[in-house]
Amino acid sequence: MSVRLKLTLSYAGFLMVAGALLLAAVWWFLLRYVPDRALIVPGSTGDPTTGGVFPVRSNLLRVFAPRAFAVLAFLLVFGLVGGWFLAGRMLAPLGRLTEAARRAATGSLSHRVGLPGRGDEFRELADAFDTMLARLDAHMAEQRRFAANASHELRTPLAITKALLDVARTDPGRDTDALLARLGAVNTRAIDLTEALLLVSRAEQRSFTRESVDLSLLAEEATETLLPLAERHGVTLETSGGITPTLGSPALLLQLTTNLVHNAIVHNLPSGGTVRVTTGTGTGTGTGTAVLTVENTGEPLSPELVSTLTEPFRRGTERVHTDHAGVGLGLAIVRTITEAHDGTLTLAPRADGGLRVSVELPAS
C-alpha cells in the first residue's frame with residue numbers, strides 16, 4: 001500500500017476508535033444506570049411531569065443502537081474521505097522531493113526543490129536536499145574539469161615522447177645521449193604527475209590512520225629537505241613556533257607542508273626572497289586548532305587569482321620559474337589533505353606582495 005493509503009486508513013481507524021470509545025462512554029456512564037424493567041414511581045400516577053413510568057433500558061437500546069451504528073458509518077466515510085484529502089496535502093512536498101530525486105538519478109543536478117512555506121520538517125528536508133544537490137553539482141563539475149585536465153596533462157608527456165622517438169627514428173645522425181636525457185625528463189614528469197594524482201585520490205578517500213603529529217617537527221623536516229632548493233633560488237627560509245599537536249596521517253601532513261614550502265620557494269622573487277613558516281595553536285569553532293602558516297615574498301597578487309590557485313592544474317604562470325613549474329597539483333593536494341583532516345585552508349595575498357597560506361587543523 002502507498003503511504004497515502006496507509007495514512008488514510010490510519011485517520012479513518014482513529015476516528016472509528018474515537019467514536020466507539022465515545023459511544024462506550026455513553027453506555028458506561030449513562031445507560032448502565034437505566035433500569036432494565038418498567039418501574040412505577042409511587043404517587044406519580046397521572047402526574048403529567050413523569051408519566052408515572054421510568055424509562056426502560058431495552059427501549060433506549062433499540063433507539064440508541066441504530067443511531068450509534070449510523071454515527072460510526074458516517075465517521076468511517078468521513079475518515080476515509082477526509083484522511084485521503086489530508087494525506088494528499090501532507091505528502092505533496094514528498095512528491096516534489098521524489099521528482100527532484102528522479103531528475104538527479106538521470107544526471108540532472110541543476111534542478112532544485114525550492115519548497116515554499118513555513119520552516120517545518122518538510123521544508124528543512126527540502127532545503128537539505130537542495131544543499132546536497134548544489135554540492136553534488138559543484139563536485140561533479142570539479143571532477144569533470146579535473147578529469148579533463150588530468151587527461152590533457154597525462155597526454156602531453158606521452159605525445160612528447162612519441163614525437164621524440166619519431167624524430168630520432170628518421171634522423172640518422174641523432175644524439176642518443178641528448179635523446180635519452182630528454183626522454184628521462186619527460187618520463188620523470190609523467191611519474192610525478194601520476195604520483196600526485198594517486199596522492200589526491202588517497203586523501204579524498206581518507207584511507208589513512210590518524211596518529212598524533214607535531215606540525216612544528218614536520219615544518220622543520222620540510223624546510224631542511226628543501227633548503228638546497230631555497231639556496232639555488234636565493235630564498236631565505238625562516239621557521240618559528242612551538243609544539244603544535246594534531247591528529248592525522250604523518251605522511252600526508254608532511255606532503256602538505258612540503259608542498260606549501262616548495263610553492264613558497266618557487267613562486268617567489270627572482271632573488272632575495274623570503275619564506276616564513278610558522279606553527280602554533282589557535283582557537284577554532286568551539287575547540288583549539290593547530291595552525292600552520294607559510295608566507296612568502298613575491299609579486300602582488302589579485303584576490304581573483306588567489307581564489308583559483310587551489311584548483312587542480314591551476315598555475316600562477318606569471319610567477320612560475322620555468323625550471324620548477326611542477327604538475328599544477330601542489331595547492332590542490334594541500335586543499336584535499338586539509339579537507340580530509342577536517343581542517344580549513346585559507347589563502348590571502350600579502351600587501352607587500354606574495355602569498356600567505358594558513359592551514360587550521362583540529363588540535364590533538
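Me: What counts as a salt bridge here, and how many are there by this rule?

Reply: A salt bridge is a side-chain nitrogen of Lys or Arg within 4 Å of a carboxyl oxygen of Asp or Glu. By that rule the count comes to 8 salt bridges. Keep in mind that this is a predicted model, where local features need pLDDT of at least 70, side-chain atom pairs count only at pLDDT 80 or more, and totals for chains, interfaces and linings use all residues. Residues are numbered from 1 along each chain as its sequence is written, and side-chain values use heavy atoms, leaving out hydrogens and water.

Me: Which residue forms a salt bridge with arginine 103?

Reply: Glutamate 99 does, with the closest N and O atoms 3.5 Å apart. (Helices are DSSP runs of H or I, at least four residues, numbered from the N terminus.)

Me: How do I read a nonpolar patch?

Reply: Take residues with over 30% relative accessible area and no salt bridge, then join nonpolar side chains (Val, Leu, Ile, Met, Phe, Trp, Tyr) within 5 Å. Areas come from Shrake-Rupley with a 1.4 Å probe, and for residues only the protein chains shown count as cover. Here Met1, Leu5, Leu9, Leu76, Val77, Leu80, Val81 and Trp84 form one on the surface, with about 740 Å² of accessible area together. The elements giving two or more residues are α1 (3-29) and α2 (57-105).

Me: Which element gives the largest share of the nonpolar patch?

Reply: That's α2, with 5 residues. Leucine 5, for its part, is found in α1.

How values were computed: Patches are made of residues with over 30% relative accessible area and no salt bridge: like charges are joined within 9 Å, nonpolar side chains (Val, Leu, Ile, Met, Phe, Trp, Tyr) within 5 Å.
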